Amino acid sequence: MLNDGERMLGGLLRSSHTATLEDVVPLVAEHAAFVGFSNTQIYVVDLRDQHLVPLPGQADVEGEPLTRLRIDSTIAGRAYRDVEIVKVRPEEAGERVSGPDAVRLWVPLLDGTERVGVLGAITQRVDETVEWRMKQLGTVISLMVVSKRHSSDTYQKLVRSEPMTLSAEVLWNLMPNGSFANDKVVLSGAVEPAYQVGGDAFDYGITGDMLHLSIFDAMGHDLSAGLTASIAVGACRNNRLQGADLLKTSEAIDEAIAEQFAQTRFATGILANLDMSTGELTWVNRGHHPPLVIRQGRLAATLESELPQPPMGFRMGLETGLLHYRLERGDRLLFYTDGIIEAKSPDGEQFGLDRFLDFIVRREADGVSAPETLRRLIHSIMKHQHGRLQDDATVLTVEWRAGGHVDLTM
């Protein structure tokens, strides 16, 4: 005989196989009722990580359609920011709910370390079992949303608040999720301007204990820049999947861009491999800003090359071999593009490398998660430029934990 929690989770999983994104809301409401959860509300995060947007077909207890919520100033946003369960009396949040013991619970929707959105529900009691069921319900909903979103135009329209350029459309469909974690590394990436990104891109992949990393900054801010970055990412993946080493892969990217644009376009970039079992970092830098290593709240190393290598696209060849560095447990690698440190305020003040490093270190000291740190960093850079970036701004961080525990369960 199934208990109520098993009926809820099992029923949702069974129904999810043939469900569309539009089916998620009524299915969750139906199955959540088995454990006493009512007025369930499901929000997903928008493309810019600024708002939580309700899935279609939802209303509050008074029947009014749900509206989007700011991540930085709402109770639901707190659950998202801090990756924790949040409890609030409905009347304190402006909700009219019957029952003297009614509580609104909010939990983040997580797929690994990627924050998909939040789930809210009303319950008449709160104890360890209720909280556990709420978290498990959030996990199942996350899996449902993630499995449906790639084929759902509804989802793609929902998370956008403005039109997207063709270049951005191509690049967003090429890049991987902005968060990944296992018991050895925690990785996060962010790109702005989300709707007009021209030539910035990052990529990663795993083979056994090897983490493959790359970041690219293509010349210009037009469609040709987006195509250049797309060629760089595509050639990088194609060659690494064929077993090519970093040097040969960077040369293949160089040749692909040169062939397509007759040596009139280029991309800077870093291609790197991190052995997640030993912390050995190997990389080639093609005209890009050097990676940085943060250790125990300070800059431990700037991984510069003695002889700078040319960008990719000019067929100028390589003059040195691979570079090597051994990370220590807890080190955080930073890869970034021009738009991070060269972002200028209206009066010409650059955001700068020192401010960038200080921001990362301070959030790390505060215990802020890597994805949340990058979300706040990008918003800080946008604020510095009064909301208008002059260049694409991309950052990729990797914390090497070497078997340390990564808590994905709240």
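These exercises work through a sheet and a helix residue in a predicted model.

**Exercise 1. The sheet**

Task: In what order do the strands of the open sheet stand, and what is the pairing?

Solution: 
- Five strands make up the open sheet.
- Their order is β9-β10-β11-β12-β15, and the pairing is antiparallel.
- The edges are β9 (200–207) and β15 (323–326).
- Each edge strand has a single partner strand, so one side of each is left without a neighbour in the sheet.
- From one strand to the next, the twist averages 15 degrees.
- Helix α7 (residues 223–241) packs on the sheet and touches β9, β10 and β11.
- The direction of α7 makes about 160 degrees with that of β10.

**Exercise 2. The partners of β11**

Task: How many bridges join β11 to β10, and how many join β11 to β12?

Solution: 
- Take β10 (residues 210–218) to begin with: nine bridges join β10 to β11, and the two run antiparallel.
- L211 has L274 of β11 as its bridge partner. S214 has L271 of β11.
- Now turn to β12 (residues 280–286): six bridges join β11 to β12, again antiparallel.
- Here G269 has R286 of β12 as its bridge partner.
- The hairpin of β11 and β12 has four residues between the strands.
- In that hairpin, G279 takes a positive phi near 85 degrees.

**Exercise 3. Burial of β11**

Task: Why is strand β11 described as largely enclosed by the rest of the structure?

Solution: 
- Strand β11 spans residues 267–275.
- Sort its residues by direction. A267, G269, L271, N273 and D275 point one way.
- T268, I270, A272 and L274 point the other way.
- Residues of both sets are buried.
- Nine of the nine residues are therefore buried, so β11 is largely enclosed by the rest of the structure.

**Exercise 4. A lysine in a helix**

Task: Is K135 buried or exposed?

Solution: 
- Locate the residue: K135 lies in helix α4 (residues 128–149).
- Read its relative accessible area, which is 19%.
- Apply the cut-off: buried means under 20%.
- K135 is therefore buried.
- K135 and L318 are 183 residues apart in sequence.
- In space, C-alpha to C-alpha, K135 and L318 are 51 Å apart.

Terms used: Residues are numbered from 1 along each chain as its sequence is written. This is a predicted model: local features need pLDDT of at least 70, side-chain atom pairs count only at pLDDT 80 or more; totals for chains, interfaces and linings use all residues. Side-chain values use heavy atoms; hydrogens and water are left out. Buried means under 20% relative accessible area, exposed over 50%, partly exposed in between (1.4 Å probe, protein chains only). Two strands pair if DSSP finds at least two bridges between them. Axes are lines fitted to C-alpha atoms, for helices over the stretch in contact, and angles run from 0 to 180 degrees between N-to-C directions. Contact means heavy atoms within 4.5 Å.
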